[in-house]
Structure formats: structure tokens, C-alpha cells
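Subject: Structure handover

Hello,

Please find the structure below, followed by notes on what was found in it.

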Amino acid sequence: RAEAGGFSDSQIELLKTFADQAAIAIENARLFSELQSKNADILQALDRETATGEILRVISSSPTDLQPVFDTIARSAARLCEAFAAAIFRLEADRLHLVAHHGLIPYGRVGEFSIPVIRGMVGGRALLERRPVQVEDLLAAVDEYPEGSETAQQWGLRTMLAIPLTRDGVAIGAIALRRTEVQLFNERQIGLLQTFADQAVIAIENARLLTELQTKNTDLLEALEQQTATSEILRVISSSPTDVQPVFDAIAREAVRLCGASYSVVGRYDGALIHLAAYEHVGPEGVQALKERLPLRPSRGPTTARAILDRAVVHVPDVLEDAEYDTSIARGIQNRSTLAVPMLRHGEPIGTISVGRLEPRPFTDKQILLLQTFADQ
């Protein structure tokens with residue numbers, strides 16, 4: 001008041017009431033702000049956990065197919081880190097190849113686009129230095145990031161963050177976020193991107209280990225099947241030591257199965273002519289054609305006869321591309337790939353085992369070695 005004179009007791013009490021109400025309003029605002037902040041943190045944490053769970057679900061549902069995992073990580077990273085675009089790269093030779101992309105800022109085609117691993121590119125520097133690299137305004141960082149700045153001008157990006165994908169301290173790729181405005185990614189977003197980078201590495205490592213395991217299991221199964229087949233043939237030999245026909249039949253049968261062949265033919269050589277001894281998966285027309293042509297003299301046309309002449313394995317991946325092959329002998333069988341292995345005794349041929357495929361597909365080294373084992377038996 002401008003004039004002298006005390007406030008009355010009722011006025012003092014009234015002002016106390018106003019003060020209490022102001023304090024209540026302040027406390028309410030504080031509590032409400034805290035509640036909003038906690039709710040925001042909870043929602044953010046829920047979003048992160050949901051995204052992590054989704055990525056882990058995709059990893060478990062496609063352990064050897066990395067593309068759905070990369071796509072999910074890129075999508076989650078762009079959304080939760082509030083970026084205009086997210087991209088994942090894998091290191092191949094001296095370049096980072098784009099394997100996933102999500103967002104409005106363009107890149108080249110996934111699977112085709114790549115960038116060099118150089119310090120002038122944000123992703124390249126992150127990979128070379130094995131640490132997160134963030135540039136507030138890439139458009140203005142011409143001196144430090146000349147190539148990156150040129151890219152920023154081309155695609156209209158400003159702020160960029162890149163984190164390397166590392167396995168046992170070795171960089172194997174990178175994940176990057178981009179914005180079209182100058183706005184640094186905060187510590188929470190950097191930490192979140194690191195989590196996504198770790199998940200990408202887990203997916204890559206899982207796929208590698210599972211592929212190795214599948215390969216080893218396949219090799220073990222193949223070895224077991226070969227040993228079983230070998231044992232079966234030896235059993236037939238021991239059970240019929242003077243009758244070779246059951247042995248030839250067993251060899252023809254196992255050769256088709258274990259070599260992934262369409263058919264097999266076993267021939268005996270008497271020093272002048274090759275005679276039909278056994279066959280498997282040869283149709284009636286093919287059997288008729290074999291019986292019409294056999295016995296025959298060794299020549300360069302049929303691979304079976306050529307193996308007798310050369311005393312060596314003859315492998316023709318595609319008979320149409322072999323100048324010596326006599327295609328007329330394929331009447332009734334129509335093979336495209338063929339493999340013939342001679343039976344040798346003291347270096348001299350006494351027969352052959354041949355297998356073929358209806359499509360042009362070469363036989364593997366393992367299959368050739370297996371057929372040689374059958375020839376020895």
C-alpha cells in the first residue's frame with residue numbers, strides 16, 4: 001500500500017491462503033512434470049524394449065537370412081532415434097556395401113550401392129577409427145569430410161551419425177543415421193544406435209556360426225553315408241565272393257544316390273570290348289539304347305570308352321560343349337553332364353563306372369573321389 005497502516009489479521013490470513021494455494025500450484029506443476037517425464041522415459045524404454053524384442057524375434061525366425069533382420073534394425077533405428085534415414089553397411093574388400101535402408105533421404109539400391117572406406121566419409125571414418133562419429137553439419141565440414149560433404153550436398157543431408165559394427169575388435173560394417181536439419185543426436189540416441197549395431201553384429205555372427213554348423217553337419221552326414229555305402233558294398237563282396245553281379249548292382253545303386261546323379265552305368269572291359277554289367281535309373285528307352293551300342297570298342301566319343309583309353313577320370317560338365325563327345329550315344333538317356341571312372345588293376349583297365357545328369361551340372365570333387373572309391377572296390 002502507498003499509505004502507512006498495517007494489514008488486518010483477516011487480510012494476513014487471506015494472503016497466507018493465497019501463498020498456500022500458490023505453493024500447491026507449484027508442487028502440482030512439479031509433480032505433473034515429473035510424472036510426464038517418467039511416463040516419457042517409460043514409453044521410450046517400452047519402445048526400445050519392443051524394438052529389441054522385434055529384432056530378436058526376427059533373428060530367431062530367420063537365423064541364416066540376414067535381410068529381414070537388417071531391414072527391421074534400419075526401420076527401428078530411424079524411428080526411435082528420430083532420424084530421417086537409417087542405413088546399414090557391410091564391409092567387403094575395401095568398400096562398405098549397402099545392405100539395408102529406411103527413410104526419406106535416398107541412397108543407391110540395396111545390394112548394389114557402396115561407399116569407399118576413407119576418412120573423408122563419416123561411415124568410413126567410424127569404421128577406420130572403430131568408434132562412433134557424429135558430424136553436426138556435414139554440408140559445412142568440407143575440409144574434414146570432403147567426400148562426405150559432397151554427398152551431403154547431393155542428397156540434402158546435414159547431421160550424420162555413424163557407428164561401426166565390430167566383432168572381436170574387428171570392424172565388419174557400419175550403421176548410420178542422417179537428418180536433413182542441423183540437429184545433433186543426443187546421448188540416448190547414440191546409445192540406442194550402439195544397441196542396434198550390437199544386434200546387427202549378433203545376427204551376422206549367428207548366421208555365420210549356423211552356416212558353419214550346417215556345413216559341418218552336411219559334411220558329417222555325407223561322410224556317414226559314404227561309409228555306410230562302402231560298408232554295404234564290402235558286405236556284398238564278402239557274401240558273394242565269386243559272383244560280381246550283386247556287387248555291380250550295389251555300386252550302380254549307391255553311385256546314383258550319393259553322387260546326386262540321374263542314372264549310373266557299370267561296364268566290364270575284356271581287353272577289346274566294353275560290356276554292359278549293371279545300371280540304375282535308366283529308363284526302358286535308355287536300356288534299349290545301351291544294349292544296342294554295347295559291347296563297344298574304346299573310343300573318344302563315349303566318356304565310358306574314353307576313360308578306358310585314358311586310364312583316367314573323364315568329367316564332362318556339359319556334353320554339348322565337349323568337342324569329342326558323341327551325342328548320338330545319349331539317345332534314350334539325354335544326359336548333359338557325365339562322369340566316368342575306370343576300374344584299374346595294376347594300371348590296366350578292366351571296367352568303368354559312369355554317372356550322368358539330365359541337366360548341365362558338374363560333379364563335385366567329393367563325388368568324383370567317391371566314384372573312384374567304388375571303382376577300387
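The axes of helix H2 (residues 67-80) and helix H5 (residues 187-239) come within 10 Å and cross at roughly 175 degrees. H2 and H5 are therefore roughly antiparallel to each other; angles over 145 degrees count as roughly antiparallel, under 35 as roughly parallel, 65 to 115 as roughly perpendicular and the rest as oblique. On the H2 side the contact is made by Val69, Phe70, Ile73, Ser76, Ala77 and Leu80. On the H5 side Arg188, Leu192, Leu193, Phe196, Gln199, Ala200, Ala203 and Ile204 take part. Contact means heavy atoms within 4.5 Å. By class, the residues of this contact divide into 11 nonpolar, 2 polar and 1 charged (Ala, Val, Leu, Ile, Met, Phe, Trp, Tyr, Cys and Pro count as nonpolar, Asp, Glu, Lys and Arg as charged, and the others, Gly among them, as polar).

This is a predicted model, in which local features need pLDDT of at least 70 and side-chain atom pairs count only at pLDDT 80 or more, while totals for chains, interfaces and linings use all residues. Residues are numbered from 1 along each chain as its sequence is written, and side-chain values use heavy atoms, with hydrogens and water left out. Helices (H or I, at least four residues) and strands (E, at least two) are DSSP runs, numbered from the N terminus. Axes are lines fitted to C-alpha atoms, for helices over the stretch in contact, and angles run from 0 to 180 degrees between N-to-C directions.

H5 also lies across strands E1 (85-92), E4, E5 and E6, and runs at about 35 degrees to E5. These strands belong to an open sheet of 6 strands with the order E3-E2-E1-E6-E5-E4 and antiparallel pairing. Its edge strands are E3 (114-116) and E4 (133-135), each of which pairs on one side only. The twist averages 25 degrees from one strand to the next. Two strands pair if DSSP finds at least two bridges between them.

Within this sheet, E1 pairs with E2 (residues 95-103) over 8 bridges in the antiparallel sense. Phe89 stands opposite Leu98 in E2, and the bridge partner of Phe89 in E6 is Ala174. The hairpin of E1 and E2 has 2 residues between the strands, and Ala93 there takes a positive phi near 60 degrees. E1 and E6 are joined by 6 bridges, again antiparallel. E5 (residues 159-167) and E6 (residues 170-179) pair antiparallel over 9 bridges, with Gly173 in E6 as the bridge partner of Leu165.

Another open sheet has 5 strands in the order E8-E7-E11-E10-E9, with antiparallel pairing. E8 (274-280) and E9 (314-316) are its edge strands, each pairing on one side only. The twist here averages 15 degrees from one strand to the next. E9 and E10 run antiparallel and are joined by 3 bridges; Val316 has Thr338 in E10 as its bridge partner.

Next, a further helix pair. The axes of H6 (residues 245-259) and H9 (residues 365-376) come within 10 Å and cross at roughly 170 degrees, which makes H6 roughly antiparallel to H9. Ile251, Glu254, Ala255, Leu258 and Cys259 in H6 meet Gln367, Leu370, Leu371 and Phe374 in H9. This contact has 7 nonpolar, 1 polar and 1 charged residues.

Of its 17 lining residues, the closest to the centre are Val244, Phe248, Met343, Ile350 and Gln377. The lining has 12 nonpolar, 2 polar and 3 charged residues.

The structure holds 2 cavities of 30 Å³ or more. The second largest cavity has a volume of about 90 Å³. Of the 13 residues that line the second largest cavity, Tyr107, Met121, Val122, Thr151 and Met160 are the closest to its centre. H3 (122-129) and H4 (146-155) each supply at least two lining residues, and H4 gives the most, with 3. The lining divides into 9 nonpolar, 3 polar and 1 charged residues.

On terms: on a 1 Å grid over the protein atoms alone, a cavity is a set of points where a 1.4 Å probe fits but cannot get out, and a pocket is an open set with protein on both sides within 12 Å along at least five of seven lines. Lining residues have an atom within 4 Å of a point. Grid points are joined across faces, edges and corners, and a volume is the space filled by probe spheres set on the points.

Regards
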